[in-house]
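Hello,

Here is the structure I promised to pass on. Please open it first, then read my notes on its disulfides and salt bridges.

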Amino acid sequence: MKSLSLIQNKKLPLIIGSSLVFALTACQPPSDKATSSEAQSTTIQSTQPVAEAKTPKELTKALVELSEETLKERLICSKLNDTINEIDNKNEIEDIHAVQHQLTACLPVANNAEILEWLAEYQAMYTRFLSVDSDIDNSAFYDLMSSIEQGKKVSVTQLKAVNPHVRYLVSLIMSRSDVSVRYLGEGDYEFHHDLTAMADTFSPYLPEDQAAFVQRMAQDNQGIFWFDAAIAFSFEELVERTVFWEDFMHHYPQSIFYNDANVLFNSYRYLLFFGSENTQWTDEEMREFYDLDNEQLMVQLTQRSDSKLAKNVQNFLIFMDQSDTERLKRYPIPDKDENGREIDERNITPYQLHKALDLSSPWTDTQNRNCLNGIICVDDNAQ
C-alpha cells in the first residue's frame, strides 16, 4: 500500500464526477414554489375573519362571507388526521384514494406543521395498510410472494392458501395499483409502494430543505438497504449518499431535518469504512481494497473542503498503510473493549480502526431513529 501523499498525487479518472459535487440541485423543487411560510400566510388570510370574531353575530357574519366550498374544504381538512389514522389493513385502496383527494384540497391551504403531521400520518397509514397478519401460513405466503416477485403466473391454489388481505394486496399488484413485492433476502418478502409518488404529493408544499430531504429519502429507500446482512447497493452509491447528507447539513444548518440528515450521514460514513457482516471493501487486515475503483473514490473524497468525511478518509488511508507495529504502538489492545467484551484476533483490526477514526457504530448508540424505510425518519419504538 503506498503512502497517502503518493496516492493523492495520482492522476485519477473522474469516476463519480458531479455526484460528489452534491446532487441537491437534482432533487430540489423549483425555486418559485411556495414556502411553508407562504402556505401558512394563505391559511391565515382565509380564516382570519373567523378567528378574530368576538361575538356570535360577528362569527355568523364571517362564516356567511366564506363560500360554501371553502367551508366544506375546511371541514374536510379539520377531519383529515382522523381519516388517515382510521385506515389499516382492513381497508381497501379506494379509501387511500379518498385520502389522496382530500390531501389535494388541503395541502395548498395548510401550514407547515399541518403538512408535516399529515406526511408522518400518511406514511404510517401505508405501513398499516400493507401489513399482513403474523399468523398466516408462512410457507404458502413465501411461495406466493416468490412467484409474484419473479413474475410468474399465480395459481388459484396459491391464492386460496393465504388470508384475504394478502389476496387483496395481490389483486392490487395484478391491477397495477401502487403496491409491489420486495424480496428482503433470507426468504423474507414484504409488500411495498411507490415512495416517489408519496414525496411528490407533499414536496410542492414544503420549503426547499424539507422537499429536498423527502425526495432524496424516496429515491434511496425505494430499494432495500440490507440483503442477507449485506449492503444492497454499490460502494459508489454509498459514497454518493454519504456526500449528499454531509452537503445537505452544510446547505441547510437550520433545517428541521438536520438531525435526521446527521443520522443518515453517520450511518453511511460508518459503512464506508467498516462495511457489514457480508460486505467488506478491503482485506481482513484493512491494507488493500478488493476493487481499485473503490480506492480511487476514497482518494477523491480526501479533496473535499470543510468536510468531516474527508478527514476520516485521510485517517483511514493512513491506517491502511501502517504496519502491525505502528498500529499497536498508536492503538494498543486492551484485554476487553469499552463494553467489557474480550477482543479476539478477528476483532483487533476493527477495534484499532475505531480508535483511529474516533467513530462508534451508529447501530449501538442511543439514537433510535429509523431512516432506512420511508420518506421521513421515525422512532424505532414508535413502529
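**Disulfides**

C77 is buried, because its relative accessibility is 7%, under the 20% cut-off. Keep in mind that this is a predicted model.

C77 has a bonded partner. A disulfide joins it to C106, with 2.0 Å from S to S. The torsion about that S-S bond is -105°, which makes the link of C77 and C106 left-handed. The two cysteines come from distant parts of the chain. C77 sits in helix 5 (residues 68–78), C106 in helix 7 (residues 93–106), and 29 residues separate them. C106 is also buried, at 1% relative accessibility.

How many disulfides does the structure hold? There are two. C371 and C377 form a disulfide as well, their sulfur atoms 2.0 Å apart. This one is right-handed, because the torsion about its S-S bond is about 115°. Both C371 and C377 are buried. Counting bonded cysteines along the chain, the pattern is 1-2, 3-4.

**Salt bridges**

A search of the whole structure gives ten salt bridges.

E190 is partly exposed, with a relative accessible area of 25%. R182 is buried, at 11%.

Next, E237 and R241. Is E237 buried, partly exposed or exposed? At 31% relative accessibility, E237 is partly exposed. R241 is buried, with a relative accessible area of 3%.

D324 lies in helix 18 (residues 324–330). R287 lies in the loop between helix 15 (258–274) and helix 16 (292–301). The two are 37 residues apart in sequence, so the pair ties together separate parts of the chain. D324 is exposed, because its relative accessible area is 52%, over the 50% cut-off.

Best wishes

Definitions and conventions:
Residues are numbered from 1 along each chain as its sequence is written. This is a predicted model: local features need pLDDT of at least 70, side-chain atom pairs count only at pLDDT 80 or more; totals for chains, interfaces and linings use all residues. Side-chain values use heavy atoms; hydrogens and water are left out. A disulfide is a pair of cysteine sulfur atoms within 2.5 Å. Helices (H or I, at least four residues) and strands (E, at least two) are DSSP runs, numbered from the N terminus. Buried means under 20% relative accessible area, exposed over 50%, partly exposed in between (1.4 Å probe, protein chains only). A salt bridge is a side-chain nitrogen of Lys or Arg within 4 Å of a carboxyl oxygen of Asp or Glu.
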